[in-house]
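The model is shown first.

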There are 2 protein chains.
Amino acid sequence: MKAPHRRRGAMWWHGKFKGMGYRLTTSRQAILDVLGESSEHLSAEDIYLKVHRIHPGVGLTTVYRTLELLVQTGLVFKFDFGDGRARYELSEGPKGARHHHHLVCTACGRVVDYTDFIDEEIELLNRTEKGLSAKYDFKITNHLIQFYGLCNECRGRS
Amino acid sequence: MKAPHRRRGAMWWHGKFKGMGYRLTTSRQAILDVLGESSEHLSAEDIYLKVHRIHPGVGLTTVYRTLELLVQTGLVFKFDFGDGRARYELSEGPKGARHHHHLVCTACGRVVDYTDFIDEEIELLNRTEKGLSAKYDFKITNHLIQFYGLCNECRGRS
DNA sequence: AATGGTAATGGAACCCATTACCATAAGGAG
DNA sequence: CTCCTTATGGTAATGGGTTCCATTACCATT
């Protein structure tokens, strides 16, 4: 009954959400679940379809609204891979496990998640962040690193 | 007359262009000029308006087409600062002078170009690029680094 | 100069992800 | 239960960006 906490720690955002004065409604929960269960780079419509399968009552508008909210609160990242639709990814667990960056093929749009140089990158980014923060008086909350190029497949058919 | 090479080295792309089998038409020249003369982050429409002032015959479609072409050839970078319209910037001179990254305010959209930690960043990026290139069999042509946050103004009115 | 073929162009029609609107439903405090 | 705020869904509208297609510019040859 009620399928409670199927996954350990799946509710870590519960507190954060209510703490900010937002309600953790069924729709929002469902959207977060979808994001948490998929390791893909989902578009708003992808998410809508997945949510819709289980909660047919949830509308596309709500999905967009919720995603915006989640991005604002920092729970979710929004990416642009150049194909005209935004992609969303769960920011990550409570303490930044499994953080990654992207490698995008400009021909076919394929996206590779890599974690290979993450540690060095993060280290440099943190330093840079501090410097920029001070110099330009910004409160930096986020960063984006992406590499662009041609994957082996696309390089073939030149 | 003909106002030839008003700016020293302004035509460095001439060769590259023809070398790839493309014609350097008036429209394309005009668009490149606009990009070269402005240090702003211009949207397609911005460019259209500026070009239009001098060459009223050039249409918006041509601007889009040309920009796409320029991005393909690597002469121009295309950026997304999150306000729904793409921005374009001349990639830069023949040998990467004045390369910079961006710092974006997520509230008001203000964009700061910084060059402060560029050297370290580039150094790391080059190394990362090599590694990724080999591991994932990509021919990497480009990268993107952006920081997001709140500028001092926007932080005030919380 | 006339010719022929390809690349480039412009304007309008179109596409489609995202947003705005608005009337309705759901939650929570008293 | 009532009031009032927050959240929701469906539909219509918005607006960058693209596609279509008939016309024009360019260039190399006769």
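## Contact between chains A and B

In this predicted model, 32 residues of chain A are in contact with 32 residues of chain B. On chain A, the elements that give two or more residues to this side are β5 (111–114), α5 (118–136), β6 (138–151) and α6 (152–156). β6(A) gives the most, with 14 residues. By class, the side of chain A that touches chain B has 15 nonpolar, 8 polar and 9 charged residues.

## Strand pairing across the interface

β6(A) also pairs with β6 (residues 138–151) of chain B. The sense is antiparallel, and the pairing runs over 13 bridges. Within it, A:Gly149 stands opposite B:Ile140 in β6(B).

## Symmetry

Chain A superposes on chain B by a rotation of 180°, with 0.0 Å of shift along the axis. The RMSD is 0.1 Å. The two copies are therefore related as by a two-fold rotation axis. The same surface serves both copies: 100% of the contact residues of chain A recur in chain B.

Which residue of chain A comes closest to the rotation axis? A:Ile145 does, with its C-alpha at 2.3 Å.

## Surface near DNA strand D

Around DNA strand D there are 21 residues. A:Thr25, A:Ser27, A:Gly59, A:Thr62 and B:Ala86 come nearest. Elements that give two or more residues to this surface are α2 (26–37) and α4 (60–73) of chain A, together with α4 (60–73) of chain B.

The largest share, 4 residues, comes from α4(A). By class, the surface near DNA strand D has 5 nonpolar, 11 polar and 5 charged residues.

Definitions and conventions: Residues are numbered from 1 along each chain as its sequence is written. Chains are lettered from A and ligands numbered from 1 in the order in which they are written. This is a predicted model: local features need pLDDT of at least 70, side-chain atom pairs count only at pLDDT 80 or more; totals for chains, interfaces and linings use all residues. Copies are superposed by least squares on the C-alpha atoms of residues with pLDDT of at least 70 in both. Two residues are in contact if their C-beta atoms, placed from the backbone, lie within 7 Å. A residue is near a molecule or strand if its C-beta atom, placed from the backbone, lies within 6 Å of it. Ala, Val, Leu, Ile, Met, Phe, Trp, Tyr, Cys and Pro count as nonpolar, Asp, Glu, Lys and Arg as charged, and the others, Gly among them, as polar. Two strands pair if DSSP finds at least two bridges between them.
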